[in-house]
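Have the model open as you read.

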Amino acid sequence: MSRPKIAFTASPVPLAQAALQDLRQAYGDVPQDAADVIVALGGDGFMLQTLHATQALSVPVYGMNRGTVGFLMNEFHADDLQERLDEAEEEVINPLAMTAVTLDGKTHKALAINEVSLLRAGPQAAKLRITVDGKLRMNELVCDGALVATPAGSTAYNYSAHGPILPIGSDVLALTAMAAFRPRRWRGALLPKGAVVRFDVIEPEKRPVMADADGQSVRNVTSVEIRSEPDIAHRILFDPGHGLEERLIREQFA
């Protein structure tokens, strides 16, 4: 069996950089556009950066944890990488597309693999109006913020905000409120993957709100539209028995 051509990439932290040098010496290294697989060394944040940066290549990414949590990563072992790549199982996830309009009338677009979140950017709670597929669903949500998460991102910020964990492969998105004041007991909703969610900010000058898509932030938004982007598919490789579906299930019994 021919060995896959590997492109290595690593976060700037010393642990990841040391691993990068060792792996390059052991397995070689090719440019990303000539690779059969990309191996990312770091934590979940670096994995998201790598997926965004390589989305046009249609090359699977295999992550090894040289960071902290590593939910999207495999364990780090340097001596059996070729065998692990041969046996790895692939998960395919679609990102969310965010279109945000700001007070100055400008439009900002970004993609998010985990979630798109709206957060209050001042001392007062945010006031949001929620529309789904063109139909008004909530006239006023008073809260610290709200987010829409993919199944892959449902164990990240969404889970911290007491949102549900979604099985990988489910055609569902989670809409979750953060510290909702009114309606006081509203915790969010499950929506079809094809739903188009729109948030309109009420009193945006008095109650400023920022939007964030996987770390890409836009301040002073007046409206944010979020939809799944089926034309972009991120391919992630996991060791057998340790894929996203197993991790999501295990997380719920931790």
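1. Start with burial: in this predicted model, buried residues account for 51% of the 254 residues in the chain. The chain exposes about 12,100 Å², and carbon and sulfur atoms supply 49% of that area.

2. As for the fold, you'll count five helices and 17 strands. The radius of gyration is 20 Å, close to the 18 Å that the globule rule gives for 254 residues, so the chain is as compact as a globular protein of that length. The C-alpha trace spans about 60 × 40 × 30 Å along its principal axes.

3. Take contacts with a separation of 6 or more: 66% of them are between residues 24 or more positions apart.

4. Now look for the largest nonpolar core. It has 32 residues, and Met 98, Leu 128, Phe 199 and Val 224 are the ones touching the most other members. Strand β8 (residues 126–132) gives this core its largest share, four residues. Click on Leu 128: beyond its neighbours within four places in sequence, its contacts include Leu 118, Met 138, Cys 143, Phe 199 and Val 209.

5. There's also a second, separate core of 19 residues, with Met 47, Leu 51, Val 59 and Phe 71 among them. Helix α2 (residues 44–53) is worth a look here: Phe 46, Met 47, Leu 48, Thr 50 and Leu 51 are buried in that helix. What do the buried residues of α2 pack against? Four strands, namely β1 (6–10), β2 (37–42), β3 (61–65) and β17 (234–238).

6. Last, charge: there are 25 positive and 32 negative side chains, with the centres of the two sets 12 Å apart.

Conventions:
Residues numbered from 1 in each chain as written. Predicted model: local features only at pLDDT ≥ 70, side-chain atom pairs only at ≥ 80, totals over all residues. Heavy atoms only, no water. Helix = DSSP H or I, 4+ residues; strand = E, 2+ residues; numbered from the N terminus. Rg over C-alpha atoms; globule rule 2.2 N^0.38 Å. Buried < 20%, exposed > 50% of the residue type's maximum accessible area, 1.4 Å probe, protein only. Contact = heavy atoms within 4.5 Å. Areas by Shrake-Rupley, 256 points an atom, 1.4 Å probe, with all protein chains shown as cover. Lys, Arg positive; Asp, Glu negative; His and termini not counted. Charge placed at Lys NZ, Arg CZ, Asp CG, Glu CD. Core = buried A, V, L, I, M, F, W, Y, C linked by side-chain atoms within 4.5 Å.
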